[in-house]
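Please find below my notes on the model you sent. They are meant to be read with the structure open.

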Amino acid sequence: MTEQPARWTEATVHPDMWADPDDDPRNSDGPSPDGELGSLDDCLTNYRLTLRMKCQGLDAEQLARRSVPPSTMSLLGLVRHLAEVERDWRNWLTEDEPLPKLYGRRDADFDGAVAEPALVEASFRDLEREQAATDAALAGYADLGERVGKDGIAIRELLVHRVEEYARHCGHADLLRECVDGRVGQ
């Protein structure tokens, strides 16, 4: 990529924000969530929204663009990767045979992120489906200290890892999006 896009934001109140506070779906005027589980779920929800926001308004080519060479990451690749990871987290909960990979071989989530509108739509559907399935599987565990799966991981550790994974990839999404069209913000 030889041409750098001009930096811009839609925010008018704070120039370093993605959107004005009144337009940001992550903002809540209500009280903060109660308890550890409520806090973790709230953080995860906000990071999931952030990832979607970073992808909004882009076409298939822009979503699939590997805008930070030599990395193979793209916004679409991140969507596919997180769908794959959501599925894998369900494997952590059980001692049964693992669910098969969504996209096949290792790194196919990023390598297969190509600029085809149908693939983009399918990838977002995959992410929604896998998030819902993992959310439903985790809803069955009231004790965050309960240890599950072959490795005896605590539910709390899995929940924290989910937040960490989305947070890290939202940081990647910030950089990828800015390189695609110059849009900046938290």
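The points below go from the whole chain to two single residues.

1. This is a predicted model, and every value here is computed from it. The chain has six helices and two strands.

2. On overall shape, a compact globule of 186 residues would have a radius of gyration near 16 Å. The chain has 18 Å, which agrees. Along the principal axes, its C-alpha atoms fill a box of roughly 50 × 45 × 25 Å.

3. Among contacts with a separation of 6 or more, 72% are between residues 24 or more positions apart. Of the 186 residues, 42% count as buried.

4. The accessible surface is about 10,200 Å², and carbon and sulfur atoms make up 51% of that area. The chain carries 22 positive and 38 negative side chains, with the centres of the two sets 4 Å apart.

5. Arg-162 lies in helix 6, which covers residues 155-181. Is Arg-162 buried or exposed? Its relative accessible area is 2%, and the cut-off for buried is under 20%, so Arg-162 is buried. Its side chain makes a polar contact of 2.9 Å with the side chain of Glu-86. Beyond its neighbours within four places in sequence, Arg-162 is in contact with residues including Glu-86, Trp-89 and Asp-135.

6. Asn-91 is in helix 3, residues 75-92. With a relative accessible area of 14%, Asn-91 also counts as buried. Leaving aside neighbours within four places in sequence, Asn-91 is in contact with Pro-98 and Leu-99.

Terms used: Residues are numbered from 1 along each chain as its sequence is written. This is a predicted model: local features need pLDDT of at least 70, side-chain atom pairs count only at pLDDT 80 or more; totals for chains, interfaces and linings use all residues. Side-chain values use heavy atoms; hydrogens and water are left out. Helices (H or I, at least four residues) and strands (E, at least two) are DSSP runs, numbered from the N terminus. Buried means under 20% relative accessible area, exposed over 50%, partly exposed in between (1.4 Å probe, protein chains only). A polar contact is a pair of N or O atoms within 3.5 Å; within protein, one must be able to donate a hydrogen and the other to accept it, and residues adjacent in sequence count only if both atoms are side-chain atoms. Contact means heavy atoms within 4.5 Å. The radius of gyration is taken over C-alpha atoms; the globule rule is 2.2 Å times the number of residues to the power 0.38. Accessible areas come from the Shrake-Rupley method with a 1.4 Å probe; for residues, only the protein chains shown count as cover. Lys and Arg count as positive and Asp and Glu as negative; His and the chain ends are not counted. The place of a charge is taken as NZ of Lys, CZ of Arg, CG of Asp or CD of Glu.
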